[in-house]
Amino acid sequence: MEEHEDQDRASPSEHKGRRLTISIQEHMAIDVSPGPIRPIRQISAYFPRLSPASCVSEPRVANPAGFPSALGPACGASAVQGGNLLSFPMGGAPSRGGTISLVDTPKDVESCDSDDSTSLGTLEFSLLYDRSTSSLHCTVFRAKGLKPMDFNGLADPYVKLHLLPGACKANKLKTRTVRNCLNPVWNETLTYCGITEDDMHRRTLRISVCDEDRLTHNELIGEVRVALRRVKPDQAKHYNVCLEHPPPLSSPTTMSAALRGISCYLREGESEQQGVLEERGRLLLALQFQPPSREGDSEAGEEAEGWRPGLRVGIVRCAHLAAMDVNGFSDPYVKIYLKPDVHKKSKHKTAIMKKTLNPEYNEEFFYEISLAELSEKTLEITVWDYDLGKSNDFIGGVSLGCQSQGEPLRHWLDCLKSRGGRVERWHTLTNKLPGSTFHD
């Protein structure tokens with residue numbers, strides 16, 4: 001029995017002769033653990049900060065040898081090993097003075113991120129709101145110390161303007177590009193037309209400095225946002241401010257995006273039910289009622305248009321029109337009617353301006369009509385987008401008459417009262433003209 005037990009206790013290598021083999025059970029039983037895992041050292045461990053009580057036994061003196069000023073002459077250079085702070089004296093001799101105590105940088109110390117510590121540059125500009133012409137002038141002077149954006153350490157900066165809310169191509173203005181420069185000078189004046197006092201109270205001007213790249217997308221260097229309510233009418237206000245990063249946009253999840261889409265759809269349905277009008281741009285309109293000439297004012301037999309009674313309608317320009325084409329622009333033209341139009345002869349149309357959202361027409365049309373008849377008429381003005389080979393798209397419209405409201409009514413009454421005076425006003429174009437059906 002004892003011999004059998006000895007044979008059972010023998011290793012597998014003895015059973016198989018001199019051939020050394022290890023079973024899988026014995027292999028798994030071998031302790032191959034490398035020991036305790038040590039944490040990976042951070043870069044701050046090699047540049048530790050001194051504790052407030054370091055080098056208390058020796059006074060601080062000047063260090064002509066070029067060593068860090070935080071180390072006194074009796075303090076040694078510390079080496080970090082195995083998580084312990086070991087002090088070694090300088091010069092190989094044992095130090096009898098006090099040794100410094102090195103500690104790791106605390107985690108709550110503010111980090112020096114390059115984007116946060118690097119200045120984006122400054123921008124100098126001025127704003128002037130002209131109340132008489134309803135125009136906003138932005139003069140861009142210069143920028144200094146812009147952040148390099150290209151591989152050569154320079155940038156190709158330009159400035160663009162947008163009106164918020166509702167930034168689009170219709171209200172985008174842009175300066176020229178200055179090549180390979182970090183301190184560009186523009187001295188350009190960009191003008192917004194059709195800016196009412198209500199716009200000055202509720203809108204914000206965004207001024208962005210961008211780097212132009214011919215092969216890739218343009219990059220934003222920095223921006224400035226100015227609330228237009230801070231600009232007083234007819235008084236130029238000068239700014240010299242630092243550029244800032246754009247405010248971060250929240251990244252919604254799929255569910256929140258879906259809910260937001262549903263809410264937009266519901267709001268759109270509510271607005272259609274409530275009849276809320278959508279702004280589609282602005283129109284600068286000039287009206288002048290020409291009274292009949294007095295006896296003897298003109299030569300006998302003269303039948304010039306200037307002496308006939310009637311209404312002179314001037315289509316000056318449009319601004320911030322809605323984009324109707326896939327290229328982000330429109331091909332707008334203006335049509336006017338004086339209704340009711342029994343004989344279908346009151347229709348007039350301007351020229352078509354290609355690929356623009358801020359067309360300028362400066363065209364006039366004349367309706368021969370008396371003041372009594374004019375008081376019962378309504379002037380309807382519509383703006384259309386011309387499309388070749390298909391029906392034209394309606395952009396917006398406005399109607400002026402005694403049944404109108406707000407600014408159109410005031411403009412119409414001022415025209416009737418002025419008796420020969422030219423009255424210019426800006427009007428908001430809406431997606432629906434009250435009491436009309438559009439067919440081009």
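Is Lys355 buried or exposed? Lys355 is exposed, because its relative accessible area is 54% (buried means under 20% relative accessible area, exposed over 50% and partly exposed in between, with a 1.4 Å probe and protein chains only). The structure is a predicted model, in which local features need pLDDT of at least 70 and side-chain atom pairs count only at pLDDT 80 or more, while totals for chains, interfaces and linings use all residues. Residues are numbered from 1 along each chain as its sequence is written, and side-chain values use heavy atoms, with hydrogens and water left out.

Lys355 lies in the loop between β16 and β17 (helices, H or I of at least four residues, and strands, E of at least two, are DSSP runs numbered from the N terminus). The backbone of Lys355 has a positive phi of about 50°, although this residue is not a glycine. A positive phi also occurs at Asn187, again not a glycine, with a value of about 55°. Asn187 is placed in strand β9, which covers residues 185–193. Most residues other than glycine have a negative phi, and most peptide bonds are trans.

Side chains of opposite charge can pair when their charged atoms come close. A search of the whole structure gave 18 salt bridges (a salt bridge is a side-chain nitrogen of Lys or Arg within 4 Å of a carboxyl oxygen of Asp or Glu). One of them is formed by the side chains of Arg142 and Glu124, with an N to O distance of 2.8 Å. This pair links distant parts of the chain, since Arg142 is in strand β6 (residues 135–144) and Glu124 is in strand β5 (residues 122–130), 18 residues apart. Arg142 counts as partly exposed because its relative accessibility is 27%, whereas Glu124, at 15%, counts as buried.

Strand β5 also contains Ser126. With a relative accessible area of 12%, Ser126 is buried. When residues up to four places away in sequence are not counted, Ser126 touches His137, Cys138, Thr139, Phe141, Lys237 and His238 (contact means heavy atoms within 4.5 Å).

A further salt bridge joins Arg131 and Glu197, whose closest N and O atoms are 3.0 Å apart. Here too the pair links distant parts of the chain: Arg131 is in the loop between β5 and β6, and Glu197 is in helix α5 (residues 197–202), 66 residues apart. Both count as partly exposed, Arg131 at 43% relative accessibility and Glu197 at 38%.

Within helix α5, Asp198 and Arg202 are 4 residues apart and therefore separated by about one helical turn. These two residues form a salt bridge in which the closest N and O atoms are 3.0 Å apart. Asp198 is partly exposed at 48% relative accessibility, and Arg202 is partly exposed at 42%. A network of salt bridges links Asp198, Asp199, Arg202, Glu279 and Arg282.

Arg282, a member of this network, lies in strand β13. With a relative accessibility of 4%, Arg282 counts as buried. The side chains of Arg282 and Glu279 make a polar contact at 3.0 Å (a polar contact is a pair of N or O atoms within 3.5 Å; within protein, one must be able to donate a hydrogen and the other to accept it, and residues adjacent in sequence count only if both atoms are side-chain atoms).

Strand β13 (residues 279–290) pairs with β14 in the antiparallel sense over 9 bridges (two strands pair if DSSP finds at least two bridges between them). In this pairing, Arg282 stands opposite Ala319 in β14. Strand β14 is also paired in the antiparallel sense with strand β17 (residues 360–368), over 7 bridges. Arg312 stands opposite Phe366 in β17. Strand β14 (residues 310–319) has 9 of its 10 residues buried, so it is largely enclosed by the rest of the structure.
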